[in-house]
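I opened my notebook to follow charges, rings and strands through one model. Here are my entries, in the order I made them.

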Amino acid sequence: MPELPEVEIIRQSLDKKIKQKKVIKVIVRNINLRFKIPPNFSSFLQEKKIISVKRFSKYLIFNLSNNSHCLLHLGMSGTVHILYNYKKNTTTNTSFYSSPKLPKKHNHVEIIFKNLKLIYNDPRRFGFFQIIENDQLLKKRLSHLGPEPFSPKFNIKYIDFFLRNKKKNIKSFLLDQNFVSGIGNIYASEILFLGKIKPFKKASLLKLKDYKKIVNYSRKVLFEAIKKGGSSIRDFTNTSGKKGGFQNEFKVYQREGLNCKRFKCKGIIQKKNISNRSTFFCNSCQK
């Protein structure tokens, strides 16, 4: 599943490609995604201009010309493809965990513009579209999510209030979108490594200095990942066909059995499942 940096790269790509373009036609080939596509989906989008493409957490938000919105979540296997009318498309994929080329199956939605079209492909159908009629309803729709790591609201005071006396491990909290939005499995492992915090440590045992590390390293890791174009696991690319580069910076993720990269640390990277998710950590310097 794409995490905040990958969704941000997709957002940047789409904003360049479809911003200020009018939707000419919408074709829905399969309504049965995680949530059924509403009957008025096509008419809702048709003749609307895409004012901008924004993001919150792992959600893409298409802001429309009548101050309404279209929400897209990619789920586990959703990918977005851009096809141009006037040139051969060798690379179409803007998304994560899939082929960079448009697959022949599972193309559920087409949003057609003058010179190009956006195709949503999703073999597992855990992604979804939702139409949101105004800003107030959009705010309500996203209200269950915690602040993003870049938000001033994600601070030591907030973390202390949220985690105090909690028995659950810190890795699980970093994956909890009600606590903090956008962090997934890859970046949670990297954040905790930089903070020298064991992922299965109970949140109630953390100190204020640990909260500070979580705030600082969450921002550092995600900022660097966006700067590097995301993490290319399997075939993530942006709309220009460029792969991300942050996978080359991994300190622990997918490095089981290798030496720790921290200076003078003689530890070995280990792997342990936490809540059915693979978690990587150093057996020496993370306490």
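**Salt bridges.** I searched the whole structure and got 9 salt bridges, taking as a salt bridge a side-chain nitrogen of Lys or Arg within 4 Å of a carboxyl oxygen of Asp or Glu. I kept in mind that this is a predicted model, where local features need pLDDT of at least 70, side-chain atom pairs count only at pLDDT 80 or more, and totals for chains, interfaces and linings use all residues. I also noted that residues are numbered from 1 along each chain as its sequence is written, and that side-chain values use heavy atoms, with hydrogens and water left out.

**Glu-47 and Lys-22.** I looked up this salt bridge and found its closest N and O atoms 3.8 Å apart. The two residues come from distant parts of the chain, 25 residues apart: Glu-47 sits in the loop between α2 (41-45) and β2 (50-56), and Lys-22 in the loop between α1 (4-18) and β1. My helices (H or I, at least four residues) and strands (E, at least two) are DSSP runs, numbered from the N terminus. Next I checked exposure, calling a residue buried under 20% relative accessible area, exposed over 50% and partly exposed in between (1.4 Å probe, protein chains only). Glu-47 is partly exposed at 49%, and Lys-22 is partly exposed at 43%.

**Glu-110 and its partners.** Which side chain meets Arg-29 in a salt bridge? I found Glu-110 there, at 2.9 Å from N to O. Is Glu-110 buried or exposed? Glu-110 is buried, with a relative accessible area of 6%, whereas Arg-29 is exposed at 52%. I then found Lys-117 in a salt bridge with Glu-110 as well, at 3.4 Å from N to O. Lys-117 counts as partly exposed, at 24% relative accessibility.

**A network.** I also noted a network of salt bridges that links Glu-8, Arg-11, Arg-55 and Glu-148.

I followed β6 into an open sheet of 4 strands, in the order β1-β6-β7-β5 with antiparallel pairing; two strands pair if DSSP finds at least two bridges between them. The edge strands, each pairing on one side only, are β1 (25-28) and β5 (79-84). β1 and β6 (residues 107-112) pair in the antiparallel sense over 4 bridges. Across that pairing, Ile-27 stands opposite Glu-110.

**Aromatic pairs.** My search of the whole structure gave 14 aromatic pairs. Rings of Phe, Tyr and Trp (its six-membered ring) pair if their centres lie within 6.5 Å; planes under 30 degrees apart count as stacked, over 60 as edge-to-face and the rest as tilted. Tyr-158 and Phe-179 are stacked, at 5.9 Å centre to centre with 10° between the planes. They lie 21 residues apart in the chain, Tyr-158 in helix α4 (residues 156-163) and Phe-179 in the loop between α5 (170-175) and α6 (185-194). Phe-179 is buried at 0% relative accessibility. Ring pairs join both to Phe-154, Phe-162 and Phe-173 in a cluster.

**Charges over rings.** I counted a charge over a ring if NZ of Lys or CZ of Arg is within 6 Å of the ring centre and within 35 degrees of the ring normal. Lys-168 lies over the face of Phe-173, at 4.4 Å from the ring centre. Lys-272 lies over the face of Phe-200, at 4.1 Å from the ring centre.
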